[in-house]
Amino acid sequence: MRVVGQNDKRRSWGGVRAGVAVLTLAALAPLAAGCGQDSTAPAPAAGGQQPLHAPPAHALDSYATRLHAAHAARVAVAKRWGLKQVPLAAPPAPQEKPRISTRKGFEVDGHRELDLPPVFTTVPTEEKVVFLTIDDGAEKDPAFLRMTSELKIPYTAFLSDYVIKEDYGYFERMQDRGVGLNNHTLNHPYLPGLSYARQKREICGMQDVIEKRYGERPVLFRPPFGNYNKDTLRAAKSCGIEYAPLWNEEVFADRWDYREWDRELHPGDIVLTHFRGRDDGKGTMPDMVRRFLDKVTAEGYAVGRLEDYL
């Protein structure tokens, strides 16, 4: 693999509930009366609607109780999986998608003229959000599915048929949890060493597998090892690929590697890892997720879903 490479102020529960009540009542209070109108009367209703009234106190109590229970549940899940902090909630998906372009220095000849898929390592955003992506599909750890599902951590998978075909069902369960399944070629070859026709077979063939097994043809493709040439991107485009995301950091169960000289996370960074267990590394998939989440959370980053920004 080529490596280039909250301020949580605690408040009493009663104070929170009172604050919610005050804000709600203020928002629902009758508007000031117009000229010549009795200022003590309710504001007139619009279009035949009934006048607004503040909700009863028990409704505020119920809402506050639900908020408290939801937070307590997140704390319990984070503790169960050994995290140092509760992961931060991701911001809403942007209504207007950022413009994705090829990173400078990652272009091929005629990239723009041929309208080839952009190759990028970071999504343009000012929000403190990063994206977890996982390659190949060799390790199929049920604990990893439980952990990411319970913690509600999004990620994007890039799959190769030669390692997923022994258990297609594992990735079907992943898809059922909302995970995007994308193209990483049939056999994970060094693509620039192949002819255009062979590269196209590798990429289009994996498109066919994913469509047959999971019902959709992906629009995301990651070349194995991050290596590609002009033929790679031409072939990918002919197979229906629209984006070729690479990565800016790589996380393992025991360490991080960085592409940038500053060795820091940046808003919109794409983070790479692999489906690996103890047989291939120094920890399990949950160990990797724990290392990933502990760092990004400590630095004030949330984990977003890459497809929401494309």
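Reply: Let us begin with Asp-141, which caps the N-terminal end of helix α3: one of its side-chain oxygens lies 2.9 Å from the backbone nitrogen of Ala-143. This description rests on a predicted model. Helix α3 comprises residues 142-151. Its buried residues are Ala-143, Phe-144, Leu-145, Met-147, Thr-148 and Leu-151. After the helix comes Lys-152, which has a positive phi, near 60°.

We may now turn to the charged pairs. The structure contains 15 salt bridges. One of them joins the side chains of Arg-276 and Asp-136, with a distance of 2.7 Å from N to O. Arg-276 belongs to the loop between β8 and α8 (285-298), while Asp-136 belongs to strand β2 (residues 129-136), so this pair ties together parts that are 140 residues apart in sequence. Arg-276 has a relative accessibility of 32% and counts as partly exposed.

A second salt bridge is formed by the side chains of Arg-103 and Glu-260, at 3.0 Å from N to O. This pair also links distant parts of the chain, 157 residues apart: Arg-103 is in the loop between α2 (57-80) and β1 (119-120), and Glu-260 is in the loop between β7 (256-258) and β8 (270-274). Glu-260, at 19% relative accessibility, counts as buried because the value is under 20%. Arg-103, with a relative accessible area of 25%, is partly exposed.

Asp-308 and Arg-305 form another salt bridge, in which the closest N and O atoms are 2.9 Å apart. Here Asp-308 is partly exposed at 25% relative accessibility, and Arg-305 is partly exposed at 29%.

Finally, salt bridges may also be joined into a group. Asp-254, Arg-255, Asp-257 and Lys-282 are linked in a network of this kind.

Notes
Residues are numbered from 1 along each chain as its sequence is written. This is a predicted model: local features need pLDDT of at least 70, side-chain atom pairs count only at pLDDT 80 or more; totals for chains, interfaces and linings use all residues. Side-chain values use heavy atoms; hydrogens and water are left out. A salt bridge is a side-chain nitrogen of Lys or Arg within 4 Å of a carboxyl oxygen of Asp or Glu. Helices (H or I, at least four residues) and strands (E, at least two) are DSSP runs, numbered from the N terminus. Buried means under 20% relative accessible area, exposed over 50%, partly exposed in between (1.4 Å probe, protein chains only). A polar contact is a pair of N or O atoms within 3.5 Å; within protein, one must be able to donate a hydrogen and the other to accept it, and residues adjacent in sequence count only if both atoms are side-chain atoms.
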